[in-house]
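Subject: Structure handover

Hello,

Here is the structure you were waiting for. Please open it first, then read the notes below.

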Protein chains: 2
Amino acid sequence: MKSYFIHESIGVMIAQTYRKLNQLLFLRLKEYEITPEQWSVLYRLSQKDGINQREIAIRTSKDQPTTKRILDCLQKKNLIEKKMSPSDRRAFLIYLTDKGKHLAQQLLPIEQKIMAEISVGMDQAEINQFKNKLLLISENINTLIND
Amino acid sequence: MKSYFIHESIGVMIAQTYRKLNQLLFLRLKEYEITPEQWSVLYRLSQKDGINQREIAIRTSKDQPTTKRILDCLQKKNLIEKKMSPSDRRAFLIYLTDKGKHLAQQLLPIEQKIMAEISVGMDQAEINQFKNKLLLISENINTLIND
DNA sequence: CACTTAATATTGTTATGACAAGTAAATAGG
DNA sequence: CCTATTTACTTGTCATAACAATATTAAGTG
């Protein structure tokens with residue numbers, strides 16, 4: 001790759017790795033006509049649907065406008081449907097359609113395969129260690145933002 | 001933070017950490033009227049300017065259209081200037097203005113402080129280990145993309 | 001119950017990111 | 001030296017991301 005990459009700041013390395021990962025996911029998901037971020041929302045909904053947009057935003061760590069626009073895309077593709085909440089006339093409950101459920105089942109193993117592929121060279125202990133560091137950094141950032 | 005974060009895939013964790021970091025940088029850089037990505041380009045140029053847009057794109061791991069638009073923003077703020085390349089009439093050479101040089105000097109310690117703050121709880125050995133894992137993942141992704 | 005405040009969803013704006021396509025200039029091959 | 005290809009930059013489009021502001025509804029408070 002590039003010999004200088006390791007000399008970058010952690011911030012630069014995280015950003016560049018994120019962008020590369022997004023590119024890879026985009027490539028692999030292209031034939032299913034879904035983007036990485038749309039997939040991440042679809043995946044959440046496959047874990048639990050019937051929740052409102054605010055809940056989805058929290059679970060995907062996106063803000064509400066971003067979540068709304070991604071849901072609009074998914075709705076246009078008939079992967080989800082919005083139903084009016086019976087208890088709150090401001091809110092919609094979001095459900096996967098059959099097409100959405102089917103696609104989620106199809107994509108889950110693809111995502112898992114990609115994650116295994118990008119982790120080649122690390123054993124499970126190293127992966128856990130790496131994830132713990134990412135968690136620590138995330139928590140540090142959260143503390144800094146909420147001050 | 002969120003107890004479930006650690007149970008996410010590496011991909012989700014990298015993406016969410018990246019977005020949070022970007023938010024933090026945005027907050028801290030706001031008073032200087034520069035965005036995180038604009039800063040990353042300005043920083044590169046403070047290391048070496050007088051290079052063309054393609055070179056900048058490579059060094060910042062962005063594509064040329066993205067680089068061009070970020071440079072346009074920097075130019076609008078009088079932080080850089082484009083000069084026609086004497087050897088290639090297609091290309092521009094990008095130089096920091098005095099204002100740009102001054103701002104880069106001002107922001108460098110801020111960036112370093114943020115990187116130290118987000119690394120709280122890790123010693124230097126752990127930071128290096130973490131960076132090596134990021135590098136490994138990046139290289140894995142590069143291999144996967146270029147197949 | 002009336003009034004203030006908070007919550008949910010929406011729209012607008014700006015910046016980033018990637019791809020595709022187009023223009024102009026440099027380079028390569030014959 | 002002419003043509004074909006490559007290169008540098010530009011423009012267009014779509015998706016994402018975050019902030020701000022708004023409308024509608026819910027919830028809290030007197």
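Is B:Lys82 buried, partly exposed or exposed? B:Lys82 counts as partly exposed, at 23% relative accessibility. Before you go further, note that this is a predicted model. Every value below is computed from it.

**The pair around B:Lys82**

B:Lys82 has a charged partner. Its side chain meets that of B:Asp72 in a salt bridge, 3.8 Å from N to O. This pair links distant parts of the chain. B:Asp72 sits in helix H4 (residues 64–76) of chain B, while B:Lys82 sits in strand E1 (residues 80–84) of chain B. The two are ten residues apart. B:Asp72 is partly exposed, with a relative accessible area of 22%.

**Other salt bridges**

The search of the whole structure finds 18 salt bridges over all chains. Side chains of opposite charge can pair when their charged atoms come close. Here are some to look at.

- A:Arg59 and A:Glu55 form a salt bridge at 3.1 Å, N to O. Both residues belong to helix H3 (residues 53–60) of chain A. They are four residues apart, about one turn of the helix. A:Arg59 is partly exposed at 28% relative accessible area. A:Glu55 is partly exposed too, at 25%.
- A:Arg90 and A:Asp88 form a salt bridge at 2.9 Å, N to O. A:Arg90 counts as exposed, at 73% relative accessibility. A:Asp88 is partly exposed, at 23%.
- A:Arg19, B:Glu37 and B:Lys62 are linked in a network of salt bridges. Residues of chain A and chain B both take part in that network.

**Chain A on its own**

Chain A has six helices and two strands. Along the sequence the pattern reads α-α-α-α-β-β-α-α. Its C-alpha atoms fill a box of roughly 55 × 40 × 25 Å, taken along the principal axes. Of the 147 residues in chain A, 46% are buried. Consider the contacts in chain A with a separation of 6 or more: residues 24 or more positions apart account for 47% of them.

**How the two chains are related**

Two copies of a chain are related by a rotation about an axis and a shift along it. What rotation superposes chain A on chain B? It is 180°, with 0.0 Å of shift along the axis and an RMSD of 0.1 Å. That is the relation of a two-fold axis. The same surface serves both copies, as 100% of the contact residues of chain A recur in chain B.

**The interface**

In chain A, 57 residues are in contact with 57 residues of chain B. The area buried between the two chains is about 5,500 Å². Carbon and sulfur atoms give 67% of that area. Four salt bridges are found across the interface. One salt bridge joins the side chains of B:Glu8 and A:Arg44, at 3.1 Å, N to O.

Which elements of chain A give two or more residues to the side that touches chain B? They are helix H1 (10–29), helix H2 (36–47), H3, helix H5 (98–118) and H6. H6(A) gives the most, with 18 residues.

A:Lys131 lies in helix H6 (residues 124–145) of chain A. A:Lys131 is buried yet has no salt bridge. The nearest side chain of opposite charge is B:Glu8, 8.0 Å away. Leaving aside neighbours within four places in sequence, A:Lys131 is in contact with B:Ile6, B:His7, B:Glu8, B:Ile10 and B:Met13.

B:Ile137 is found in helix H6 (residues 124–145) of chain B. B:Ile137 is buried, with a relative accessible area of 0%. Not counting residues up to four places away in sequence, B:Ile137 touches A:Thr17, A:Ile118, A:Met122, A:Phe130 and B:Ile10. B:Ile137 and B:Ile34 are 103 residues apart in sequence. In space, they are 30 Å apart, C-alpha to C-alpha.

Best wishes

Note on methods. Residues numbered from 1 in each chain as written. Chains lettered and ligands numbered in written order. Predicted model: local features only at pLDDT ≥ 70, side-chain atom pairs only at ≥ 80, totals over all residues. Heavy atoms only, no water. Buried < 20%, exposed > 50% of the residue type's maximum accessible area, 1.4 Å probe, protein only. Least-squares fit on C-alpha atoms with pLDDT ≥ 70 in both. Contact = heavy atoms within 4.5 Å. Lys, Arg positive; Asp, Glu negative; His and termini not counted. Buried area = accessible area lost by both parts, 1.4 Å probe.
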